[in-house]
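Please read this note beside the model.

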Amino acid sequence: MSSHSKLLEDVKQHLCTCAAGLKLTPDMEVFLEVPMRELYVSLPVHMDDGSIKVFKGFRVQYNEALGPTKGGVRFHPDGTMETTRALAALMTWKCALHKLPLGGAKGGVICNPKELSHREIERLSRAYIRGIYQIIGPDRDIPAPDVYTNPQVMAWMMDEYSKLAGRNVFGSITGKPTSLGGSAGRYDATARGGLYTIREAAERLGINLKDSRVAVHGFGNVGYHAAYLAKKLYGCKVVAVSDSKGAIFSPYGLDPEDVSGHKHSTGSVLNYPGAENLTNKELLELDVEILIPASLENIITEENAGNIKARILAEMANGPTTFEGEAILNSKGIHIIPDILCNGGGVIVSYFEMVQNQSSTQWEEEEVRNRLERKMKEAYCSVYDFASKNNVEMRQAAYTLAVGRVVEAMQLRGWI
């Protein structure tokens, strides 16, 4: 089974684990296992050398029972419709878990942004919006940034949507620059929200976060901010970080800002002065209190789960742990903060951005962070309390709460 199929299969298995508790009929399960809408698009783009290259893109709108769908757009050479389906499902459960009036969606374009120029990425971004324009909009489906997309890409997408609509529609896209209707606090929202759940978990597990050792797998936007905020907010000792080329480790702790500067100048975290180079696999198996997977899916599997020593696994990436790997982690007593709970900060602040766009206001960053903290704490407490009361693992608790809210909305609307 490919990694793309594996992620989708795992999402379906997690859905099955909560089906009995929710008294879902087989027909209801089937309804929840398939997206409501999918679109493939071919995107012809003029390249800088004068040629025309056709890229393949897609958008999946998984479930809109709770409201218009919401989800990121991923520019990645390994993108597939199967992965996009799985990520759209995760967005559905994530929005429901955090009590947002939104459904779940996801989109992507198969490309390697590292091989494209600035202007080629702009043309591709605009072509993607032209391709999916008929099924998106502030009341239908609102794209956002994801892997290898950023506020600049969102600005181009919003501008293209506005051109097609014949008016400014800031609320058509989230994750925009603040000067174009973006929200303060969006840049580190996913990591900051995840850190709030780590704090809640540490309190319950009796872990003193000051000087707790942290390893971060993936040093992109989320991973960098996770490392930076772990040190800044709670005094954690970030001992290891990694990117696609490898990992670095120092038992004395790393300075995330300095490591980021090194990566920017050299292209990788590797060979950082005073640190030891490791493989990504070795990073996952370090003796740390907190392990933060912040890269891609299917990183922790049945092959390496038995070697993981962390007490808290905070899933800031989507789907980093396979179904089989999780069973091993649970048997070891590792506290998992599941992805739909841990990395909800991004979509929460994207929702805040939508609210601000609709009301033509802009909140101060402190207000955004205070609102985010309340939402993340509420969600963590509800999942933890449900898990404790019903003697189930954290992911099953999160799925049961989330799926239950979607099912209730579907029943009230008369869909099932």
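1. By class, how many nonpolar, polar and charged residues does the lining of the second largest pocket have? The lining has seven nonpolar, five polar and three charged residues. Here Ala, Val, Leu, Ile, Met, Phe, Trp, Tyr, Cys and Pro count as nonpolar, Asp, Glu, Lys and Arg count as charged, and the others, Gly among them, count as polar.

2. A word on the source. This is a predicted model, in which local features need pLDDT of at least 70 and side-chain atom pairs count only at pLDDT 80 or more, while totals for chains, interfaces and linings use all residues. Residues are numbered from 1 along each chain as its sequence is written, and side-chain values use heavy atoms, with hydrogens and water left out.

3. Back to the pocket. The second largest pocket holds about 210 Å³ of space. Its lining has 15 residues, and Ile334, His335, Val392, Glu393 and Met394 are the closest to its centre. Helix H11 (323–331), strand S12 (335–337), helix H14 (365–390) and H15 each give two or more residues to this lining. H14 gives the most, with three residues. A pocket is an open set of points on a 1 Å grid over the protein atoms alone, with protein on both sides within 12 Å along at least five of seven lines; lining residues have an atom within 4 Å of a point. Helices (H or I, at least four residues) and strands (E, at least two) are DSSP runs, numbered from the N terminus.

4. Next, the cavity. A cavity is a set of grid points where a 1.4 Å probe fits but cannot get out. The count comes to one cavity of 30 Å³ or more. The largest cavity has a volume of about 70 Å³. Volume here is the space filled by probe spheres set on the points, which are joined across faces, edges and corners. Helix H1 (3–17) and helix H15 (394–412) each supply at least two residues of the lining. H1 gives the most, with four residues. Residues that line the cavity include Leu7, His14, Arg395 and Tyr399. By class, this lining has five nonpolar, three polar and four charged residues.

5. H15 also meets another helix. The axes of helix H3 (residues 26–33) and H15 come within 12 Å and cross at roughly 105°. Axes are lines fitted to C-alpha atoms, for helices over the stretch in contact, and angles run from 0 to 180 degrees between N-to-C directions. H3 and H15 are therefore roughly perpendicular to each other (65 to 115 degrees counts as roughly perpendicular, under 35 as roughly parallel, over 145 as roughly antiparallel and the rest as oblique). Met28, Phe31 and Leu32 in H3 meet Val403, Val406, Val407, Met410 and Gln411 in H15. Contact means heavy atoms within 4.5 Å. The contact of H3 with H15 has seven nonpolar, one polar and no charged residues.

6. How far apart are the axes of helix H8 (residues 221–234) and helix H9 (residues 256–266)? The axes of H8 and H9 are 9 Å apart, and the helices pack at an angle of about 155°. H8 and H9 are therefore roughly antiparallel to each other. Tyr224, Ala227, Tyr228 and Lys231 of H8 make the contact with Pro256, Glu257 and Ser260 of H9. By class, that contact has four nonpolar, one polar and two charged residues.

7. On to the five-strand sheet. This open sheet has the order S1-S2-S4-S3-S5, with mixed pairing. Two strands pair if DSSP finds at least two bridges between them. S1 and strand S5 (141–145) are the edge strands, and each pairs on one side only. Strand S1 (residues 37–46) and strand S2 (residues 52–63) pair in the antiparallel sense over ten bridges. His46 has Ile52 in S2 as its bridge partner. The hairpin of S1 and S2 has five residues between the strands, and Gly50 takes a positive phi near 95° there. Five bridges join strand S3 (residues 69–76) to S5, and these two run parallel.

8. Last, the seven-strand sheet. This open sheet runs S9-S8-S7-S6-S10-S11-S12, with mixed pairing. Strand S9 (276–278) and S12 stand at the edges with a single partner strand each, so one side of each is left without a neighbour in the sheet. Four bridges join strand S6 (residues 213–217) to strand S10 (residues 290–293), which run parallel. Ala215 has Leu291 in S10 as its bridge partner.
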